[in-house]
Amino acid sequence: MHDKKPLVSSERDVAQPVHGATLDGIALSERVVIERVMPRADDDHDGRYASKATEGDSVAVECDIFSDGHETLGACLHYRFDGGAWMEAPMVPLGNDRWRGQFETSQRGTYWYTISAWRDAFATWCADARVRVAAGQSMDVELMVARQHIDYAASVASAEAARREFGSLARELDMLAQCHAGEGARLELLLGADAQRLFREWGPRAHRVWLGQELAVHAERRAAAFSAWYELMPRSQSGAAYRHGSFEDVMARLPYVRDLGFDVLYLMPIHPIGRTNRKGANNSLQGKEGDPGSPYAIGGSQGGHDAIHPELGSVEDFLRLVDEARAHGLEIALDFAVQCSLDHPWIKSHPEWFDWRPDGSIRYAENPPKTYEDIVNVHFYRDAFPDLWLALRDVVLFWVDKGVKIFRVDNPHTKPFPFWEWMIRDVQGRDPDVIFLSEAFTRPKIMRYLAKIGFSQSYSYFTWRNTKAELTEYLTELMGPDTACYMRPNFFANTPDINPYYLQTSGRVGFQVRFVLAATLGGNYGIYSGFELCEAEALPGREEYANSEKYQLKAWDWDRPGHIRDDIRLINKLRRESPALQSFANLTFYNAWNDHILYYGKATPDKRCFLLFLVNLDPHHAQGAHFEVPLWELGLPDDGSIDVLNVITGERFAWTGKVQHILLDPKLHPYLIFRLIAPEPQR
């Protein structure tokens with residue numbers, strides 16, 4: 001017999017580095033590997049940023065787990081609510097070394113999770129035993145090995161109750177052996193549910209490794225992931241272009257907004273407006289007497305960000321508006337724009353918060369070559385820190401105290417990232433119901449980073465994605481695991497600043513198309529008032545509205561011919577009643593063989609709610625296409641039949657066969673919606 005050689009045979013071997021570690025260190029390093037963990041906001045900041053969920057979600061955690069050899073592995077998901085005790089949930093293999101576990105977000109706030117995995121000797125024995133039995137091999141010696149597994153498990157179990165159970169299992173196995181019970185009876189005992197549960201919960205976890213970091217999941221209320229926004233200018237609600245609107249006028253509009261099916265009423269800034277360099281109609285530099293100015297030139301003699309424009313009403317009037325909106329099933333959202341008019345009280349009380357030129361003049365807000373003469377920006381460092389940060393945080397808390405829990409943040413990408421990360425965490429730590437929407441039409445990485453650092457929702461490039469290829473590519477990108485776990489897009493179809501060329505050139509049909517896309521592709525979407533009237537009058541050659549109400553009072557005829565209110569009611573009602581439309585991650589694109597027809601579907605996991613959408617993106621011509629009915633997703637063959645409901649007409653019929661044909665004439669209807677009625681499961 002040869003003597004066994006030591007793992008390390010000399011001092012030289014101990015000292016010799018192997019890829020930066022000693023041979024001893026390599027021998028003791030991890031044999032089980034955990035990789036590609038999702039969800040996680042990013043791989044670069046050691047779990048600093050949280051993935052997103054909503055209260056009541058089941059958060060699915062997936063990762064790759066593998067080891068050398070053929071041993072069976074075990075894995076656990078460990079999770080806790082912030083400050084709470086750790087809980088444990090099993091992870092199950094999905095195939096190809098991918099594993100999944102899940103936990104419930106039963107309350108709002110931050111959850112933490114990590115993962116452990118190990119080589120499971122008893123599970124390996126069980127797997128081998130099943131193969132040996134199937135091959136007709138003797139199990140006498142293997143049953144002795146199983147007995148050793150039980151003894152060892154009992155010796156290392158940390159709980160007395162577990163040690164007693166292992167002892168009971170050992171005695172029962174011995175009794176069967178003493179009674180000369182066959183291999184079958186002993187195998188039945190070892191492979192049975194009780195023994196499997198005992199080892200799963202209390203068995204040894206050899207070569208156990210941990211993920212090495214705790215990853216965060218931030219759970220918000222449902223409105224963070226599913227909401228329909230209607231944006232309006234309060235001062236344009238009087239019904240007359242010569243009279244400044246008030247909160248009373250906005251309250252009179254609440255039944256209209258709720259009748260359309262919206263749940264968030266978003267008001268452009270409601271604060272006093274500066275008079276110095278006040279803009280005139282169509283953004284002219286020289287305002288006339290009586291011009292109301294841009295509401296984004298915040299601040300005047302009546303106050304700043306925590307004050308209300310006197311022509312809109314008082315704080316008490318605003319509180320009544322919040323209450324009335326709530327009674328109509330609407331939630332008020334406010335604009336939070338971190339900029340000041342030249343008359344803002346902060347300029348006198350805190351000049352150190354602003355940039356001044358060498359000649360003593362204040363620096364206007366600029367985006368060269370553009371200059372915004374009616375506003376100035378604050379700076380966040382030097383003598384402004386930390387007082388400015390605290391003051392802006394307190395502005396948000398002021399309105400939270402007045403019942404506002406949703407804020408659309410203007411141009412957050414032009415302010416410091418650290419400010420937003422701190423402010424959002426501070427506010428949500430005080431009130432987890434608060435939601436922040438990032439209005440950042442900027443470079444993709446910056447948009448995504450703002451979502452990582454805490455913004456609940458994000459504006460997106462949807463407004464400029466018009467073709468089938470553009471929409472498919474962009475939505476697929478947003479649904480990717482590296483983005484979807486932390487970025488919730490809000491598909492605004494238009495804004496006061498953006499009158500898209502597609503809407504300018506496509507007539508009423510274009511508004512129908514863009515609306516149904518915005519409202520059914522995403523969980524969150526919004527429109528700016530006038531959209532339902534198909535308002536598209538533009539400044540020549542620009543994506544801007546002519547005679548924009550940003551610079552003048554306007555009166556709207558809400559019943560003028562050509563509106564699309566019926567479409568809006570229909571889709572919003574469908575959204576409320578259809579669980580499949582209340583998620584973004586379940587979007588699937590299907591085959592329709594025409595580049596002008598976008599074809600997609602959304603379904604619940606059990607397929608009890610399954611909706612298909614076919615949209616003609618060409619607003620001027622009829623388009624037809626053969627398309628595939630996803631029978632395979634319902635377990636049906638390609639020649640199977642499925643009952644279908646036309647959601648728009650209420651007609652019910654059947655499709656037989658996977659390939660069908662559709663014609664979408666924009667003169668009649670540019671989109672169709674079908675509900676697949678899944679067959680009842682066989683009993």
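Two residues are said to be in contact when heavy atoms of theirs lie within 4.5 Å. With that meaning, F318 in this predicted model touches F247, L267, I270, I308, I332, L334, W399, K402 and V404, leaving aside residues up to four places away in sequence.

F318 belongs to the largest nonpolar core, which has 111 residues; within this core F318 and W420 touch the most other members. The biggest contribution to the core comes from helix α16 (residues 501–521), which supplies eleven residues. Another core lies apart from this one and has 25 residues, including V61, C63, F103 and A117.

Helix α8 (residues 247–259) and helix α9 (residues 315–327) have axes that come within 9 Å and cross at roughly 5°. Angles under 35 degrees count as roughly parallel, so α8 is roughly parallel to α9. On the α8 side the contact is made by F247, E248, V250, M251 and L254, and on the α9 side by D317, F318, R320, L321, E324 and A325. Of the residues in this contact, seven are nonpolar, four are charged and none is polar.

The next stop is a loop. G47 sits between β3 (32–38) and β4 (51–54). Is G47 buried or exposed? Its relative accessible area is 8%, and buried means under 20%, so G47 is buried. Not counting residues up to four places away in sequence, G47 touches W112, Q213, E214 and L215. Q339 is 292 residues from G47 along the chain, and the C-alpha atoms of the two are separated by 33 Å.

Strands β26 (residues 623–628) and β29 run antiparallel and are joined by six bridges. Q623 has L664 in β29 as its bridge partner. Strand β29 (residues 659–664) has two faces: Q660, I662 and L664 form the covered one, whereas V659, H661 and L663 form the uncovered one.

Terms used
Residues numbered from 1 in each chain as written. Predicted model: local features only at pLDDT ≥ 70, side-chain atom pairs only at ≥ 80, totals over all residues. Heavy atoms only, no water. Core = buried A, V, L, I, M, F, W, Y, C linked by side-chain atoms within 4.5 Å. Buried < 20%, exposed > 50% of the residue type's maximum accessible area, 1.4 Å probe, protein only. Helix = DSSP H or I, 4+ residues; strand = E, 2+ residues; numbered from the N terminus. Pairing = 2+ DSSP bridges. Axes fitted to C-alpha atoms, helices over the stretch in contact; angles between N-to-C directions. Parallel < 35°, antiparallel > 145°, perpendicular 65-115°, else oblique. Nonpolar A, V, L, I, M, F, W, Y, C, P; charged D, E, K, R; others polar.
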